[in-house]
Amino acid sequence: MSGKTKYATDLEKSVLVNNFEKRGWTQVSADEDWNFYWTNVNTTRNIFSLENGYRLSDDQIINHFPNHYELTRKDLMVKNIKRFRKDLDKEGHPLAEKDELGRYVYLDSIPVTFLLPADYNLFVEEFRKNPSSTWIMKPCGKARGIGIFLINKLSQLKKWSRDSRTSSFAPPNARDAYVISRYIDNPLLIGGKKFDLRMYVLVTSYRPLKCYMYRLGFCRFCTVKYTQSTNELDNMFVHLTNVSIQKHGEEYNPVHGGKWTISNLRLYIEGTRGKAVTDKLFDEINWLTVMSLKAVSGSMANDRHCFEVYGYDIIIDDKLKPWLIEVNASPSLSSTTANDRIMKYNLMNDTINVVAPTGEVPDVRWNKIPPREAYGHYDLLYDEELAHQ
């Protein structure tokens, strides 16, 4: 049977192609009849565009939802989470409870964030309440740390908006939409260095929501020790954990790539802070992941031919509170180290086993609940149907 499955891909990454070949699947071009298409987001957009009017058949699955950007564009993720919280608040839902300072008790998972230029006046009002704070600015549609910079004075922002070319930290195009978020300036440090978590989350359906968390995520470390000194605000080796930036640092180690497994992190926190606190932290990470998916589930085009693997970027502060920073629609399948390569091969293998569990030609009419032995290193994070039984 396995020989009948035909795959197409825009990404000739060995961790992906080796998985297809291992299954005995046949490669075809995108304009032939395929069953499994691993594509980039632009191709997905074209396939589902109204002009193309392309209809997928029951034996075809593809690795992105048509409007994944509701979650993966920085501005839309924030908008959707804010709207979700407001809607729960209006309903008087217990999840929307706030503390005496007006902060959400259960839904405080993203740093205070504004969209620029639209929310400029709101941002200024917030900045003036705490003028010594640091903020991080990011272009909405870019990845890999491109165009990001930190500010701690309003004059820096005014200068940037007035004339992007005269400013040393200017992005290429000041007319782009940006998000500006309160910078988490008290990150949990290990060996004096800042790090973030890259967690992989697989969604096979938004309505009802079905999602899985991958156990083999990793931490990405900065190469230079962290400091709150304002002199180092433009030193991205101190502040940004993206490997695409850190690999250019003098201290970068290509053997481990500045990465640590999530299981190592767990052991470290258990050893320094205790097991109960560590369990609570990871429960909170799972919780904020599910809440972010619920926040977009109403706007997502829930096409049954689609599944998606998201790269969640999370920062833990020194009080062991996790913060959702952003979600990536196409987490990198490039490998920087041998361990990285093995992990990403396994990630692809386990993903294919969950979305096409029999290894045969996919059938989108099935109930999307694979047998437990197909999960590999995935854990079922949330199944809305089970939750409502």
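Contact is defined here as heavy atoms within 4.5 Å, and helices (H or I, at least four residues) and strands (E, at least two) are DSSP runs numbered from the N terminus. The structure is a predicted model, in which local features need pLDDT of at least 70 and side-chain atom pairs count only at pLDDT 80 or more, whereas totals for chains, interfaces and linings use all residues. Residues are numbered from 1 along each chain as its sequence is written, and side-chain values use heavy atoms, with hydrogens and water left out.

The predictor's confidence in each residue is expressed as pLDDT, from 0 to 100. The chain has an average pLDDT of 85, and 84% of the residues score at least 70. In residues 164-174 the pLDDT falls below 50, and this stretch has 16 contacts in the model beyond near neighbours in sequence. Where pLDDT is low, the predicted coordinates should not be read in detail.

Two open sheets are described next. Strands are taken to pair if DSSP finds at least two bridges between them. An open sheet with parallel pairing is formed by four strands in the order E2-E1-E3-E4. E3 and E4 run parallel and are joined by two bridges; Phe36 has Ile61 in E4 as its bridge partner. Helix H1 (residues 14-22) lies across strand E1 (6-9) and E3, and runs at about 170° to E1. For such angles, axes are lines fitted to C-alpha atoms, for helices over the stretch in contact, and values run from 0 to 180 degrees between N-to-C directions.

A further open sheet comprises four strands in the order E5-E8-E6-E7, with antiparallel pairing. Strand E5 (113-116) and strand E7 (149-151) stand at its edges; each has a single partner strand, so one side of each lacks a neighbour in the sheet. On average, neighbouring strands of this sheet are turned by 25° against each other, direction ignored. The antiparallel pairing of strand E6 (residues 135-139) with E7 extends over three bridges, and Ile136 stands opposite Leu150 in E7. Two helices lie across strands of this sheet: H4 across E5, E6 and strand E8 (178-182), at about 130° to E5, and helix H5 (residues 120-129) across E5, E6, E7 and E8, at about 140° to E5. In the loop between E5 and H5 lies Pro117, and the peptide bond from Leu116 to Pro117 is cis, with omega near 10°.

Two helix pairs involve H10. The axes of helix H4 (residues 74-91) and helix H10 (residues 275-297) come within 8 Å and cross at roughly 90°. H4 and H10 are therefore roughly perpendicular to each other, on a scale where angles under 35 degrees count as roughly parallel, over 145 as roughly antiparallel, 65 to 115 as roughly perpendicular and the rest as oblique. Asn80, Ile81, Arg83 and Phe84 of H4 make the contact with Met291, Ser292, Lys294, Ala295 and Val296 of H10. These residues comprise five nonpolar, two polar and two charged, where Ala, Val, Leu, Ile, Met, Phe, Trp, Tyr, Cys and Pro count as nonpolar, Asp, Glu, Lys and Arg as charged, and the others, Gly among them, as polar.

The axes of helix H9 (residues 262-273) and H10 come within 7 Å and cross at roughly 140°; H9 and H10 are therefore oblique to each other. In this contact, H9 contributes Ile262, Leu265, Arg266, Ile269, Glu270 and Arg273, and H10 contributes Lys275, Val277, Thr278, Asp279, Leu281 and Phe282. The contact of H9 with H10 has six nonpolar, one polar and five charged residues.

Rings of Phe, Tyr and Trp (its six-membered ring) pair if their centres lie within 6.5 Å; planes under 30 degrees apart count as stacked, over 60 as edge-to-face and the rest as tilted. The count by this rule is 20 aromatic pairs. The ring centres of Trp38 and Phe307 are 5.9 Å apart and the planes are at 55°, so the pair is tilted. Distant parts of the chain are linked by this pair, with Trp38 in strand E3 (residues 36-38) and Phe307, 269 residues apart, in the loop between H10 and strand E14 (308-316).
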